[in-house]
Amino acid sequence: MPFEMLLGAWVAAGLTLFIFTFLYKDNPLFKLAEHLYVGISVGYTIVKVYDTVIIRLLYEPMVKQGDWSLLVPLGIGMLMLARYFPKITWLSRIAFAFIVGVGSGLAIPRIISSYILKQVEDTVRPLVSLAAEGGPTFTYNLLDPASNLNALVLLIGVVSVLFYFFFSIEHKGPVRVAAHTGILFLMISFGAAFGYTVMARMSLLIGRLTDLIEFADPQYGRASLWLLLATVATLIVWSVRRGEQKEG
Amino acid sequence: MTFAERMLHIDRRIIFLVIGVCTLVPLLYPVGLAIKVSPEVRSVHDHIESLPEGSVFLLSLDFDPASKPELYPQAVALLRHAFQKNLRVIGMTLWVTGAGMADQVITQMARDLGKENGKDYVFLGWSPGVGSLIITMGQDLYKAFPSDYYNQPTKELAVLKGVQNLRDVNYVVSLAAGTAGIETWYVFGKDKYKFELGGGCTGVIAPGLYPLLRSGQINGLIGGLRGAAEYEVLIGKKGRAVAGMDAQSATHFAIIVLVILCNVFYLSIRASRGKADPR
């Protein structure tokens with residue numbers, strides 16, 4: 001096995017175990033892994049952004065291909081740095097105005113079309129279908145998203161939740177019934193979201209444990225087992241010394 | 001203190017231990033519980049299956065290593081399927097922190113299936129802009145990515161022959177761990193340039209994407225590790241996702257039991273307090 005693979009396995013197994021030690025309590029091993037994670041993420045991002053934006057998208061086209069029109073976006077981007085110089089801070093507003101203007105112009109029509117119009121279009125569905133013979137029919141299949149029963153459930157859900165968030169009138173009588181129905185729909189929605197979140201978190205745990213099992217293999221020098229022993233021993237020593245310090 | 005009260009004040013580390021054991025044991029001794037394929041995962045699979053050889057498939061790996069356990073198996077399964085179907089694969093990412101990992105998975109899968117960089121596939125890497133990047137890709141792919149991840153000029157690549165912009169891409173799948181991801185691809189891409197779009201995502205964001213699925217804004221959705229396992233079943237190549245499903249079921253069972261027990265203890269405490277103080 002190549003040395004870099006072996007080293008990678010030991011680093012991955014060690015940092016995973018260090019992070020898991022937080023389940024026992026906050027400790028220096030966890031802090032080490034946490035700080036490394038933050039530092040490496042930021043360092044990696046800086047290097048990738050420098051390489052892609054400064055070198056590939058600006059320096060090379062300008063210097064090697066003579067595309068000097070890129071000086072315009074470069075100049076606007078540089079204005080951002082004026083924030084650090086109090087006397088010319090106002091210059092940065094030009095860059096921000098450009099970003100806000102272009103960003104809003106691009107996003108607003110697209111978001112209205114995608115999130116509002118398309119979703120409203122999908123919510124307003126026929127409550128009754130036409131049968132093959134031409135007469136009206138009502139389909140009851142809850143498992144079919146296109147059934148009339150589901151269209152009805154969707155309509156009741158949307159209207160009742162909107163009633164729940166309608167604060168201009170007191171929730172009494174029929175409005176109260178509608179608002180309470182809305183709470184039921186919201187609870188089901190939160191439950192589904194929480195269920196998915198639990199599944200996702202368990203998947204992350206499964207992913208790390210799968211790697212730890214793999215790195216416990218002899219071809220990796222049983223990295224997980226040795227590092228587990230070292231981690232537990234370090235935690236014991238740390239706990240004992242901390243206890244002594246408290247007593248002292 | 002009653003038994004129920006002691007249980008409700010149990011050291012949370014014992015619960016961590018229970019969950020850890022419930023995860024570890026099925027990983028070491030799998031039983032192979034059945035996996036049922038959902039229609040939303042099948043839709044992504046069937047669409048790729050329907051594409052003729054040489055079609056252009058763009059896979060946007062919009063996640064970083066923090067979401068690797070859920071989305072990496074999805075990427076492996078999708079790439080395996082696309083390469084086996086002899087599709088022309090374009091890889092990219094909207095997440096700068098995911099660039100290295102995205103390159104790793106594409107290169108690894110291509111090597112395993114005997115595909116050649118530049119001829120059968122290309123990894124474009126990351127470029128800034130997110131929404132404006134997608135719009136630029138919709139107008140001119142070569143302006144958005146003048147060179148690929150390895151600094152090869154994209155105009156000279158055989159894999160991109162006949163591909164001028166996103167309208168020439170037959171199918172786009174975004175594997176997303178949040179924003180930027182599937183929604184970004186829809187808002188700035190599909191809505192304007194009319195290509196077919198599918199998605200894969202982490203479990204956390206899956207419920208928020210179902211409205212897009214129902215309205216037809218995306219044609220399919222692979223949700224979390226479970227979705228990856230379903231896709232592995234569909235392509236007949238069981239991998240890490242299928243291996244994790246027993247553990248997933250065991251942990252879910254443990255959590256359900258813990259929730260029921262907590263409620264039983266809570267209600268029994270309430271009942272005993274009610275007897276002691278009838279007012």
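Let's start with α8(B), a mostly covered helix in which 9 of 12 residues are buried. This is a predicted model, so keep that in mind throughout. The buried members of α8(B) are B:I182, B:E183, B:T184, B:W185, B:Y186, B:V187, B:F188, B:G189 and B:K190. What do they pack against? On the chain A side there is α4 (91-123), and from chain B itself come β1 (56-62), α6, β4 (171-176), β5 (196-201) and α9.

Now for the meeting of the two chains. Here 42 residues of chain B are in contact with 37 residues of chain A. On the chain B side, at least two residues each come from α2 (12-28), α4, α6 (131-139), α8 (182-193), α9 (206-214), α10 (224-235) and α11 (240-276). The largest share belongs to α11(B), with 7 residues. Sorted by class, the chain B side that touches chain A has 21 nonpolar, 14 polar and 7 charged residues.

Chain B is split into domain 1 (3-30 + 245-276) and domain 2 (39-238). Taken over C-alpha atoms, the centres of these two domains of chain B are 39 Å apart.

On to the largest nonpolar core, which has 100 residues. Which of them touch the most other members? That would be B:F57, B:A75, B:L79, B:V89 and B:V105. Domain 1 and domain 2 of chain B both give residues to this core, so it lies between them. As background, nonpolar side chains in soluble globular proteins tend to be buried together. If you zoom in on B:F57 and skip residues up to four places away in sequence, its contacts are B:I48, B:L51, B:A82, B:L87, B:R88, B:V89, B:N170 and B:Y171.

Next, a helix pair. Helix α4 (residues 68-84) and helix α5 (residues 99-112), both of chain B, pack at an angle of about 35 degrees with their axes 10 Å apart. The crossing of α4(B) past α5(B) is right-handed. From α4(B), the contact uses B:K68, B:Y72, B:A75, B:V76, B:L79, B:R80 and B:F83, while α5(B) brings B:M101, B:V105, B:I106, B:M109 and B:A110. By class, this contact between α4(B) and α5(B) counts 10 nonpolar and 2 charged residues, with no polar ones. B:A75 and B:L79 of α4(B) and B:V105 of α5(B) take part in this contact, and these three are also among the core residues that touch the most other members.

Two leucines are worth a click. B:L78 sits in helix α4 of chain B, and A:L57 is found in helix α2 (residues 28-64) of chain A. Is B:L78 buried or exposed? B:L78 counts as buried because it has 27 C-beta neighbours inside 10 Å. A:L57 is buried too, with 20 other C-beta atoms within 10 Å. Apart from neighbours within four places in sequence, B:L78 is in contact with B:L59, B:V173 and B:Y231.

| Pair | Apart in sequence | C-alpha to C-alpha |
|---|---|---|
| B:L78 and B:S43 | 35 residues | 13 Å |
| A:L57 and A:L70 | 13 residues | 8.8 Å |

Note on methods: Residues numbered from 1 in each chain as written. Chains lettered and ligands numbered in written order. Predicted model: local features only at pLDDT ≥ 70, side-chain atom pairs only at ≥ 80, totals over all residues. Core = buried A, V, L, I, M, F, W, Y, C linked by C-beta atoms within 7 Å. Domains from an automatic or database assignment. Contact = placed C-beta atoms within 7 Å. Axes fitted to C-alpha atoms, helices over the stretch in contact; angles between N-to-C directions. Helix = DSSP H or I, 4+ residues; strand = E, 2+ residues; numbered from the N terminus. Left-handed = near helix turned anticlockwise from the far one by under 90°. Nonpolar A, V, L, I, M, F, W, Y, C, P; charged D, E, K, R; others polar.
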